[in-house]
Protein chains: 2
Amino acid sequence: MPAADVFAVQQAIAARRPRRAVIVGGGYIGLEMAEAFTSRELEVTVVEQAPAAMPTVDPELGQLIGRELAGQAVRLATEVTVRAIHPHATGLRVVGDPGFAEPADLVLVVVGVRPDSGLAAAAGVELGARHAIAVDRQMRTNLPGIWAAGDCVHTHHRLLPAPTYLPLGTTAHKQGRIAGDNALGGQASFAGSIGTQVVKVFDLAVARTGLRDAEAAAAGYDPVTVGTVEFDHKAYYPGAHRLRLRITGDRTSGQLLGAQLVGDRRAQVAKRIDIFATALFHRMSVEGLSDLDLSYTPPFGSPWDAVQMAAQTWMRQIQGDQPTQAASHEAGS
Amino acid sequence: MPAADVFAVQQAIAARRPRRAVIVGGGYIGLEMAEAFTSRELEVTVVEQAPAAMPTVDPELGQLIGRELAGQAVRLATEVTVRAIHPHATGLRVVGDPGFAEPADLVLVVVGVRPDSGLAAAAGVELGARHAIAVDRQMRTNLPGIWAAGDCVHTHHRLLPAPTYLPLGTTAHKQGRIAGDNALGGQASFAGSIGTQVVKVFDLAVARTGLRDAEAAAAGYDPVTVGTVEFDHKAYYPGAHRLRLRITGDRTSGQLLGAQLVGDRRAQVAKRIDIFATALFHRMSVEGLSDLDLSYTPPFGSPWDAVQMAAQTWMRQIQGDQPTQAASHEAGS
């Protein structure tokens with residue numbers, strides 16, 4: 001969220017002392033704000049158009065997020081499209097289809113972002129995907145002497161043939177540095193995004209990198225996605241947590257295309273997705289993940305890390321010696 | 001430790017109720033056992049020949065481990081060579097140079113491992129580094145029909161020209177699978193170790209991968225090692241911990257050669273070293289680490305992860321625009 005919006009929400013809470021909040025949108029910002037409001041003792045309802053919270057991960061994982069929200073006393077209404085916000089008695093009333101009506105003292109609308117490219121367009125700068133500013137890998141626009149970077153530009157993606165729109169803070173930092181270097185005469189080039197993301201939702205960490213099944217199919221790959229459950233570390237060592245992993249790979253070439261991962265916030269989820277992200281950067285195969293020399297000690301991992309056990313399950317599924325759709329591995333001796 | 005040794009120690013503690021333990025050797029097993037004994041309320045002294053605990057990492061990091069041990073009431077005697085263990089009054093007495101004498105009810109000697117290759121040698125199997133069994137990447141010995149894997153064999157290393165001896169559980173699992181595959185007619189090949197390791201020492205995680213400065217120099221590289229301190233996640237978000245990183249890279253080629261990392265056990269140290277390990281596997285440059293699309297959210301990281309900030313510090317040092325030997329970066333806005 002832009003800082004000005006954050007302060008406005010903070011001031012509204014301090015000044016008006018709302019009791020009930022409705023958040024329209026169950027994505028990254030919506031769920032982070034659900035946690036923030038809950039810690040300020042508001043009663044929170046999240047309304048999401050999709051069948052599960054966090055539609056940027058597969059619904060199998062979105063359902064785990066729904067369970068976490070329920071455990072934290074956050075109400076989640078899915079498959080609801082908000083139509084209006086009316087003044088109502090002492091506060092507001094949020095109305096949606098089908099048959100949704102909820103009173104609120106505070107309503108937060110967080111349904112995604114659009115690039116703020118109007119000024120650039122008026123100056124003659126060419127726009128690209130989703131009306132974001134078109135830039136090359138050197139962050140140059142079509143106009144000499146004008147570079148652009150951040151949430152206002154389209155994004156070169158290492159696994160997609162054409163630029164997409166994928167505004168992320170990590171990408172903005174990389175692009176800003178490159179635009180700055182080049183504006184001063186440098187020759188830096190953006191290596192491309194793979195869409196790595198993580199968010200904390202109360203006691204869960206939710207992460208993804210690369211392409212999901214439908215995104216991969218749309219880009220011309222032949223994707224297969226396999227889900228597994230693995231412990232984050234040896235189950236005999238206290239504090240082991242189950243990780244839910246989903247690996248997407250290309251059936252024909254065996255190339256790793258993406259990974260999704262949900263688990264306890266203490267289970268090193270963020271840096272585990274980064275192992276996949278580093279492998280994706282190098283166009284590794286799913287099978288190749290088993291060759292990686294990853295760290296092991298019982299409090300933090302397994303001799304085959306969860307990342308590798310998930311990859312091995314994907315391989316078995318592809319090779320057809322495991323007929324079930326999802327396999328579960330328990331960390332053994 | 002072999003399981004039989006673990007049970008013998010456990011039984012000795014149950015039967016004899018020792019109060020004072022002396023551990024000879026301050027490496028992985030010694031420090032893990034120091035923690036285990038402390039949790040069983042023994043008074044523990046660790047004796048180490050080297051100038052700091054955990055001589056498999058640089059002394060700058062070993063000193064952090066020494067501080068952690070002190071905070072946990074474990075005595076650490078460094079630069080002491082144990083010469084004898086004598087019977088003494090009600091128990092034992094450990095004597096060493098220079099001027100070390102310590103009473104003990106239990107003494108644990110954990111000074112490293114040697115390959116148990118006698119049976120194989122007697123059968124005519126060729127030995128390699130450190131008298132470990134010589135195998136090729138298919139885990140074949142020189143004798144037809146005999147494969148070998150695990151702590152008894154030498155280790156192919158991705159960054160070294162010749163096999164070394166580097167017995168690790170992760171490597172043993174990989175090799176065992178390959179030997180098994182090939183004994184059944186397969187064509188699997190060991191991709192090689194890079195020596196990735198992690199250990200928990202009370203509230204610290206200590207990790208390394210690749211080569212340290214002296215190892216790299218001995219292998220013909222032109223290494224430079226730069227240390228930094230970075231937060232594991234945004235400092236404004238509660239619970240941030242400082243990570244101590246040391247990156248070794250080749251001055252001439254810029255190739256990443258190794259990384260060492262010490263930090264709080266909750267700071268995703270193990271899976272952060274795995275980012276370096278995955279980069280090393282692909283022979284990345286230190287500079288290339290900044291191109292990786294790693295995950296970010298304030299509770300778990302920074303827009304440039306600590307891994308990348310450490311790499312950027314290494315680059316600045318090499319380029320000479322930062323004259324100090326170690327730089328410290330604080331996670332900013």
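The model is a predicted one. Chain A holds eight helices and 13 strands, and the radius of gyration of chain A, 22 Å, is close to the 20 Å that the globule rule gives for 333 residues, so chain A is as compact as a globular protein of that length. In the contact between the chains, 38 residues come from chain B and 38 residues from chain A, and α7(B) gives the most to the side of chain B that touches chain A, namely 10 residues.

**Overall build of chain A**

- The C-alpha trace of chain A extends over about 60 × 55 × 35 Å when it is taken along its principal axes.
- Of the 333 residues in chain A, 47% are buried.
- When contacts in chain A between residues at least 6 apart in sequence are considered, 57% of them join residues at least 24 apart.

**The contact between chains A and B**

- With 38 residues of chain B and 38 residues of chain A taking part in the contact, the elements of chain B that give two or more residues to the side touching chain A are α5 (169-183), β8 (197-201), β9 (204-210) and α7.
- Sorted by class, the side of chain B that touches chain A comprises 19 nonpolar, 12 polar and seven charged residues.
- Two packed helices are described by the angle between their axes and the distance between the axes.
- Helix α7 (residues 269-281) of chain A packs with α7(B) at an angle of about 5°, and their axes are 8 Å apart; because angles under 35 degrees count as roughly parallel, α7(A) is roughly parallel to α7(B).
- In this helix pair, Lys271(A), Arg272(A), Asp274(A), Ile275(A), Thr278(A) and Ala279(A) of α7(A) meet Lys271(B), Arg272(B), Asp274(B), Ile275(B), Thr278(B) and Ala279(B) of α7(B).
- By class, four nonpolar, two polar and six charged residues make up the contact of α7(A) with α7(B).

**Helix α7 of chain B**

- α7(B) is mostly covered, since 13 of its 13 residues are buried.

**Helix α2 of chain A**

- For helix α2 (residues 28-39) of chain A, 12 residues at 1.5 Å a residue should span 16 Å, and the end C-alpha atoms are 17 Å apart, which agrees.
- Tyr28(A), Gly30(A), Leu31(A), Met33(A), Ala34(A), Glu35(A) and Phe37(A) are the buried residues of α2(A), and these buried residues pack against β1 (20-24), β2, α3, β7 (106-109) and β8 (197-201) of chain A.
- Glu41(A), which follows α2(A), has a positive phi near 70°.

**Cis peptide bonds**

- In chain A, the peptide bond from Asp97(A) to Pro98(A) is cis, with omega near -10°, and Pro98(A) is found in the loop between β5 (91-97) and β6 (100-104) of chain A.
- In chain B, Asp97(B) and Pro98(B) are joined by a cis peptide bond with omega about -10°, and Pro98(B) is placed in the loop between β5 (91-97) and β6 (100-104) of chain B.

**Positive phi in loops**

- Met54(A), although not a glycine, has a positive phi of about 55°; Met54(A) lies in the loop between β2 (43-47) and α3 (59-71) of chain A and is buried, with 26 other C-beta atoms within 10 Å.
- His131(B), a residue other than glycine, has a positive phi near 60°; His131(B) is found in the loop between α4 (118-122) and α5 of chain B and counts as partly exposed, with 16 C-beta neighbours inside 10 Å.

**Val95(A) in strand β5**

- Val95(A) lies in strand β5 of chain A and is partly exposed, with 15 other C-beta atoms within 10 Å.
- Although Val95(A) and Arg83(A) are 12 residues apart in sequence, they are 5.8 Å apart in space, C-alpha to C-alpha.
- Leaving aside residues up to four places away in sequence, Val95(A) touches Arg83(A), Ala84(A), His86(A), Phe100(A) and Ala101(A).

Key:
Residues numbered from 1 in each chain as written. Chains lettered and ligands numbered in written order. Predicted model: local features only at pLDDT ≥ 70, side-chain atom pairs only at ≥ 80, totals over all residues. Buried ≥ 20, exposed ≤ 12 C-beta atoms within 10 Å, placed from the backbone. Helix = DSSP H or I, 4+ residues; strand = E, 2+ residues; numbered from the N terminus. Rg over C-alpha atoms; globule rule 2.2 N^0.38 Å. Contact = placed C-beta atoms within 7 Å. Nonpolar A, V, L, I, M, F, W, Y, C, P; charged D, E, K, R; others polar. Axes fitted to C-alpha atoms, helices over the stretch in contact; angles between N-to-C directions. Parallel < 35°, antiparallel > 145°, perpendicular 65-115°, else oblique. Expected span 1.5 Å × (residues − 1).
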